[in-house]
Amino acid sequence: MPQAAHTKDNPYLSAIVEKQALTHAASSKQAFHLEFEISDAPLRYEVGDACGIAPENSSCLVEEALRLLRFSGEEAVELGSTSFTLRDALRHQLTVTRVTRTMVSRCAELGDVAALRELLQAGNQAALDVYVHGR
């Protein structure tokens with residue numbers, strides 16, 4: 001039986017074999033040249049074809065977060081109108097390696113942290129960006 005074509009719903013999984021920054025280190029934006037290992041892939045890539053990238057978070061990172069937060073990972077969560085296990089949501093649907101404004105806001109509220117509340121004030125976006133960079 002022939003193998004089904006690789007599509008968005010049946011992706012070909014590949015490792016990144018080279019990553020080069022295309023933007024200057026001082027730039028506020030990042031762009032990269034990525035090369036993927038597809039030499040043994042049952043793919044035929046032609047000029048004009050498009051490639052989609054569906055990143056996922058490290059399973060080790062997800063498991064460590066679940067352990068530290070004392071969740072099993074089997075808890076049901078809803079994102080939009082779709083249900084996922086917490087483990088699947090953390091692995092495939094959410095960004096877990098970047099601090100967001102929402103996270104800072106929640107920490108400011110839960111910890112009653114005036115310095116974080118100050119970063120969230122209108123006009124302080126640059127200071128907030130500096131704070132969250134690398135965290």
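Okay, let's start with one side chain: a polar atom of Asn57 sits 2.6 Å from the backbone oxygen of Leu94. Keep in mind that this is a predicted model, so I'll come back to confidence in a moment.

Where is Asn57, then? You'll find Asn57 in the loop between strand E2 and helix H1. Is Asn57 buried or exposed? Asn57 counts as buried, because its relative accessible area is 11% and the cut-off for buried is under 20%. Leaving out residues up to four places away in sequence, Asn57 touches Val62, Leu90, Arg91, Leu94, Thr95, Val96 and Thr97.

Now compare Ser39. Ser39 also belongs to the loop between E2, which covers 32-36, and H1. But Ser39 has a relative accessibility of 58%, so it counts as exposed, the cut-off there being over 50%. The side chain of Ser39 makes a polar contact of 2.3 Å with the side chain of Glu37.

On to H1, residues 59-69. What caps the N-terminal end of this helix? That's Ser58, with a side-chain oxygen 3.2 Å from the backbone nitrogen of Cys60. Just after H1, look at Arg70, which has a positive phi of about 60°.

There's another positive phi in the hairpin of strands E3 and E4: Gly80, near 70°. Two residues lie between those strands. E3 is residues 76-79, E4 is residues 82-85, and they pair antiparallel through four bridges.

Next, the largest pocket. It holds about 1,200 Å³ of space. The lining has 31 residues, and the closest to the centre are Tyr12, Cys51, Gly52, Ile53 and Ala54. Two elements each give two or more residues to that lining, namely strand E1 (16-21) and E2. E2 has the largest share, with three residues.

Finally, confidence, as promised. Mean pLDDT for the chain is 88, with 97% of residues at 70 or more. Which element comes out highest, and which lowest? E4 is highest at 95, while helix H3 (residues 101-111) is lowest with a mean of 89.

Terms used: Residues are numbered from 1 along each chain as its sequence is written. This is a predicted model: local features need pLDDT of at least 70, side-chain atom pairs count only at pLDDT 80 or more; totals for chains, interfaces and linings use all residues. Side-chain values use heavy atoms; hydrogens and water are left out. A polar contact is a pair of N or O atoms within 3.5 Å; within protein, one must be able to donate a hydrogen and the other to accept it, and residues adjacent in sequence count only if both atoms are side-chain atoms. Buried means under 20% relative accessible area, exposed over 50%, partly exposed in between (1.4 Å probe, protein chains only). Two strands pair if DSSP finds at least two bridges between them. Contact means heavy atoms within 4.5 Å. pLDDT is the predictor's confidence in each residue, from 0 to 100. On a 1 Å grid over the protein atoms alone, a cavity is a set of points where a 1.4 Å probe fits but cannot get out, and a pocket is an open set with protein on both sides within 12 Å along at least five of seven lines; lining residues have an atom within 4 Å of a point. Grid points are joined across faces, edges and corners, and a volume is the space filled by probe spheres set on the points.
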